[in-house]
Amino acid sequence: MPSRAPQIVALGGGGFSTERDGTLLDDYVLSLLDAPRPRVCFLPTASGDADHYVVRFYRRFSPACEASHVSLFRRDQGTGGVEDDLATHLLAQDLIYVGGGNVLSMLGAWRAHGLDAILRKAWRRGIVLCGPSAGSLCWFEQALSAFHGAPRPVRGLGLLPYSNCVHYDAEPARRAEYHRAVADGMCGGFAADDGVALHFRATRLEQIVSSSPDASAYEVRLRGRRVVEHRLDVRYLGAPAQHAPEPREPPLGAMSGAPPSVAREAVAA
Amino acid sequence: MSARAPVAIDERLIFAMGGGGFTMEPNNPLLDDFVLSLTGALEPRILFLPTASGDTSAQINAFKARFAHRHCIAEHVSLFRLRETDRPLEEIVLEQDIIYVGGGSMRNLLALWQAHGIDTMLLDAWKAGVVLAGLSAGAMCWFEAGITRSSGPPEALAGLGLLAGSLTVHADGEPERLPAWLAGVRDNELPGGWALDDGVGLLFRGKRMERVVSSRPGGAAQRVDAIAGELVRNRIEPELLLGDGPSRALGGRDEAVEELRRVHRMRRGLGRGRG
């Protein structure tokens, strides 16, 4: 069996977690899977394994998928979803969907249960990894996390050698905070609005899709001593506009390559 | 404002419960009132950390229900909900009179505290005289080791080590922990320590165990050590707590505690039988 390329779909926000009526982003992720009835496992760790979140996951995914979840908090009460060996179960999935919440808490709990190593292995084996918010930040080298005070850089699992910032449009101060972090030494990376998904194949940003026609994604990096921000092309997954251009451009280059078509360039101190 | 001077070792209190308090005894406030009585403050600030449960609203609501109408200023910190407050964690932790840690997964509790740097904040709080209290995972965490079921079967796990020895909880309510703990102590994989029934709490002054109290008749503590490869088990009868609610808050801590002790001495003198 040919080995599958590692894939990560990092959502700036959206999917079943927050888009009650829209299924565009989740459907996009499912379209990447080969199986007719894919195995999808939900990790709600970042929410503290919130019951309502787990229920919403099953509502969305159990009709078309073999859905399961892993709770790291309820394991001692026999309600942890999967009871057998975590590694065996996770490595048998087609998709591992990581929920939103607090990224620091999630990474701490993952480490304590050895999930960081399992997820790394799953990624290398071509099991698709995805998630919004904390479920996006965790895959990157560094992430900007806002929790109890000023946002600060957090070290993620480092599968993707960039930084990441989510809900970029949701909080007015977020852009300035991300630029400042990059200026202060955080590695360059990608910011995504709510409703935007960054699709990486291996460590290359291959495509950006969205569930909202207005949502954007940006590449932010240090050029010399200045932070520069490029707006990236986003493919809206909804009904095509009247004047929809034909086939979209080829996959976006990696960060070191030619800058993707620049619609706007912002400069920060 | 977060810097607080350390207090003498015998002013540092930790109250470790084998089970009980507002999450397990919704109709019995004795242990929680005892916790409030441990601080000299007339209206103590009490912070609940529901971390070990994943910050379930069930625990948070039970905390509010228990403490909202008592003489205290009650709040909680969630490590999962984003942006509940902009105050730095350290400031919140160090301005308390009491920090009360809920039960759940001991492994997750310690991992999350470490991820957020709360373990060192709690050490500072203890040294500054903030009363540390908790049940189950929130009790074992203060010791060198506990017995967790965080991954299913009972297994030993290192705690923060503020207190010497090991602790196992729910000795009567979840009997499967006890054999794992006893085996660990016998084989010298765990230091000797205490096993607590639900409703039973140990009060430590500094590193010394000072009192054993209980919210209900029947429960007990056991001190267990391995001596020359043999387990030596000693049952410790707890003082049964009595409700004296409001008078304590009005009268301050010493009077109330003294009164409680007098009553207990009296009752023991009368040879009260055990259930």
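Is Cys187(A) buried, partly exposed or exposed? Partly exposed, because its relative accessibility is 22%, and buried would need a value under 20%. Keep in mind that this is a predicted model.

Cys72(B) has a relative accessible area of 8%, so Cys72(B) is buried.

Now chain A as a whole. It has 269 residues, and 57% of them are buried. It contains seven helices and 15 strands. Take the contacts between residues at least 6 apart in sequence: 69% of these join residues at least 24 apart. The accessible surface of chain A is about 11100 Å². Carbon and sulfur atoms account for 51% of that surface.

Next, two serines in chain A. Start with Ser133(A). It lies in the loop between strand E5 (128–132) and helix H6 (134–137). Its relative accessibility is 9%, so Ser133(A) counts as buried. What does Ser133(A) touch, leaving aside neighbours within four places in sequence? Leu11(A), Gly12(A), Gly13(A), Gly100(A), Val166(A) and His167(A). Leu198(A) is 65 residues from Ser133(A) along the chain, and their C-alpha atoms are 12 Å apart.

The other serine is Ser216(A). Its loop runs between strand E11 (204–210) and strand E12 (217–223) of chain A. Ser216(A) is buried, because its relative accessibility is 2%. Its side chain makes a polar contact of 2.7 Å with the side chain of Arg231(A). Residues up to four places away aside, Ser216(A) touches several others, among them Ala191(A), Asp193(A) and Val234(A).

On to chain B and its sheets. One is an open sheet of eight strands with mixed pairing. The order is E3-E2-E4-E5-E1-E10-E11-E14. Which strands stand at the edges? Strand E3 (73–76) and strand E14 (239–240) of chain B. Each has a single partner strand, so one side of each has no neighbour in the sheet. Helix H2 (residues 57–67) of chain B packs on this sheet. The helix touches E2, E3 and strand E4 (98–101). Its direction makes about 175° with that of E3(B).

Look at one pair in that sheet. Strand E2 (residues 45–49) and E3 of chain B pair in the parallel sense, over four bridges. Ile46(B) stands opposite Ala74(B) in E3(B).

Strand E10 (residues 200–205) of chain B holds Arg205(B). A polar atom of the Arg205(B) side chain lies 2.9 Å from the backbone oxygen of Asp10(B). Arg205(B) and Phe15(B) are 190 residues apart along the chain, yet their C-alpha atoms are separated by 8.9 Å.

Chain B also has an open sheet of six strands, again with mixed pairing. Its order is E7-E6-E8-E9-E12-E13. Strand E7 (155–158) and strand E13 (230–236) stand at the edges, and one side of each is left without a neighbour because each has a single partner strand. On average, neighbouring strands here are turned by 25° against each other, direction ignored.

In this sheet, strand E9 (residues 193–196) and strand E12 (residues 221–227) of chain B pair in the antiparallel sense over four bridges. Leu196(B) stands opposite Ala221(B) in E12(B). Two helices to point out here. Helix H4 (residues 106–116) of chain B packs on the sheet and touches strand E6 (143–148) and E7. The direction of H4 makes about 20° with that of E7(B). Helix H7 (residues 177–186) of chain B packs on the sheet too, touching E6, strand E8 (163–168), E9, E12 and E13. The angle between H7 and E12(B) is about 30°.

Last, some backbone angles. Most residues other than glycine have a negative phi. Asp49(A) has a positive phi, near 60°. Asp49(A) is in the loop between strand E2 (39–43) and helix H2 (51–61) of chain A. Its relative accessible area is 2%, so Asp49(A) is buried. Now chain B. Phi of Asp55(B) is positive, near 60°. Asp55(B) is found in the loop between E2 and H2 of chain B. At 1% relative accessibility, Asp55(B) counts as buried.

Conventions: Residues numbered from 1 in each chain as written. Chains lettered and ligands numbered in written order. Predicted model: local features only at pLDDT ≥ 70, side-chain atom pairs only at ≥ 80, totals over all residues. Heavy atoms only, no water. Polar contact = N/O pair within 3.5 Å; in protein donor to acceptor, adjacent residues only side chain to side chain. Buried < 20%, exposed > 50% of the residue type's maximum accessible area, 1.4 Å probe, protein only. Contact = heavy atoms within 4.5 Å. Pairing = 2+ DSSP bridges. Axes fitted to C-alpha atoms, helices over the stretch in contact; angles between N-to-C directions. Areas by Shrake-Rupley, 256 points an atom, 1.4 Å probe, with all protein chains shown as cover.
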